[in-house]
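Hi,

Here is the structure I said I would pass on to you.

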Amino acid sequence: MIVLGVESSCDETGIALYDTERGLLAHALHSQIAMHEAYGGVVPELASRDHVRRAIPLLEQVLSDSGESVSSIDAIAYTQGPGLAGALLVGASVANGLALALNKPVIGIHHLEGHLLSPLLAAQAPEFPFVALLVSGGHTQLMRVDNVGEYTLLGETLDDAAGEAFDKSAKLLELGYPGGPAISRLAESGDPGLFELPRPMLHSKNLDFSFSGLKTAVLTLVKKQEGELTDTIRAAIARAFVDAIVEVLVAKCLAAIKQTGMKRLVIAGGVGANAQLRKALNEAAVKKRFEVFYPDLALCTDNGAMIALAGALRIARYPQAAHFDYSFNVKPRWPLDAIN
Ligand code: KG4
Ligand code: ZN
């Protein structure tokens, strides 16, 4: 079965073709980062308009890259939420319009379920059950994953998401948008002994997170420099920030592994691309004897491949979830455990 995946929840248009027999056939992506950069963040209206421009050319690209034609598509999966309402509506319209024209079933997918299952596309894929750390621009959650559609929330952020903390702190260090990769790179050259930042909720005895205080601590540190934000200081602050957030994320993963008795940990979402986090988790995995799985780097951030995969896995497990009713709605706010 060949499933077309359509992702348009935020600032990336992603289209992909996944075959349940042959795996990922092709995926194409357009990132709007350059367009939003001038505004320091995503402008929803511009995002929606750009998805309209990109969706069909990207579809043509995956068809040509895979050597398939529209008639070989058996089902269409699209991100139904959470995300920006206008942006979601573009992907939903494209998916439902195409499905109607082809007379094929359509299925709405939860964006985070896509992230959560994305490591299954990697050469080294985990088996169920596993603990998953979802760290994206909008979410930070620890989940217990027993199977497709069987998700239990173990803990989550009480305020800012990890990616948001990366982006906001990077902005304070004048690193542009999105700041995650930039602050991570800068931290590599930073002196680890110069500054110390708080590790929020490290000893909270639960699996929740809180990152807004960390961002405020970065702000306070920046202000203290009284305009003398030299390259050395900026790198040292970046280093202190990355060290703090990585320590908290790793500690909570270890606590979740211990609490659930699981032996497999999956990292998903944009922050999962972070080099320092991966290094620390790999070291912890060796020490504590569990396995850690990541999506391929290119599939950590938003993409259509994870939506196509989630659609295929959902249809295999719950065939009635795909439908021929092409009236649709999107769900800008949609808790993941509501889809079980
Ligand atoms: O999953 P994603 O692409 O979009 C959402 O669903 O939110 O995640 C985007 C987030 C941004 O906050 C970005 O700064 C962060 O992931 N990010 C990183 C890295 N690459 C992306 N954060 C830290 N280190 C990275 N290498
Ligand atoms: Zn995402």
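Predicted model: local features only at pLDDT ≥ 70, side-chain atom pairs only at ≥ 80, totals over all residues.

**The nonpolar cores**

Let's start on the inside: the largest nonpolar core has 49 residues, and those with the most contacts within it are Leu197, Phe211, Ile237, Phe241, Ile245, Leu265 and Leu281. Several elements each supply at least two residues of this core: the strands β6 (130-135) and β9 (264-268), plus the helices α5 (162-172), α6 (180-188), α7 (212-224), α8 (231-260) and α9 (275-288). Of these, α8 gives the most, with 16 residues.

Leaving out residues up to four places away in sequence, Phe241 touches Ala165, Phe166, Ser169, Ile183, Leu197, Leu214 and Val218. There is also a second, separate core of 34 residues, and Ala75, Val145, Val266 and Phe293 are among them.

The average pLDDT of the chain is 97, and 100% of the residues score at least 70.

**Strand β9**

Next, have a look at β9. How many of its residues are buried? The count is 5 of 5, so by the under-20% cut-off for relative accessible area the strand is mostly covered. Arg264, Val266 and Ala268 point one way from β9, while Leu265 and Ile267 point the other way.

**The zinc site**

Now find the zinc ion (ligand 2). Which residues coordinate it? They are His111 and His115, each through NE2, and Asp302 through OD, at 2.0 to 2.1 Å. Along the chain, the donors follow the spacing H-x3-H-x186-D.

Why is the arrangement around the zinc ion (ligand 2) irregular? The 4 donor atoms subtend angles of 94 to 143°, and a tetrahedral arrangement would need all angles to lie between 85 and 135 degrees. Because the range reaches 143°, the site counts as irregular.

Most peptide bonds are trans, and most residues other than glycine have a negative phi. With that in mind, here are some places to check.

- Gly81 and Pro82 are joined by a cis peptide bond, with omega about -15°. Pro82 lies in the loop between β4 (75-81) and α3 (85-102).
- Phe128 and Pro129 are also joined by a cis peptide bond, with omega about -5°. You will find Pro129 in the loop between α4 and β6.
- Lys205 is not a glycine, yet its phi is positive, near 65°. Its place is in the loop between α6 and α7, and with a relative accessible area of 84% it is exposed.
- Arg289 has a positive phi too, about 60°. This residue is in the loop between α9 and β10, and it is exposed, with a relative accessible area of 68%.

**Towards the end of the chain**

Last stop: Asp337, in the segment after α10 (305-317). Is it buried, exposed or partly exposed? At 37% relative accessibility, Asp337 counts as partly exposed. Apart from neighbours within four places in sequence, Asp337 is in contact with Tyr151 and Leu153. From Asp337 to Glu164, which is 173 residues away along the chain, the C-alpha atoms are separated by 22 Å.

Technical notes. Residues numbered from 1 in each chain as written. Chains lettered and ligands numbered in written order. Heavy atoms only, no water. pLDDT = per-residue confidence, 0-100. Donors = N, O, S within 2.8 Å, 3.2 Å for Na, K, Ca; no water. Tetrahedral: all angles 85-135°; square planar, octahedral: opposite > 155°, others 65-115°. Core = buried A, V, L, I, M, F, W, Y, C linked by side-chain atoms within 4.5 Å. Buried < 20%, exposed > 50% of the residue type's maximum accessible area, 1.4 Å probe, protein only. Helix = DSSP H or I, 4+ residues; strand = E, 2+ residues; numbered from the N terminus. Contact = heavy atoms within 4.5 Å.
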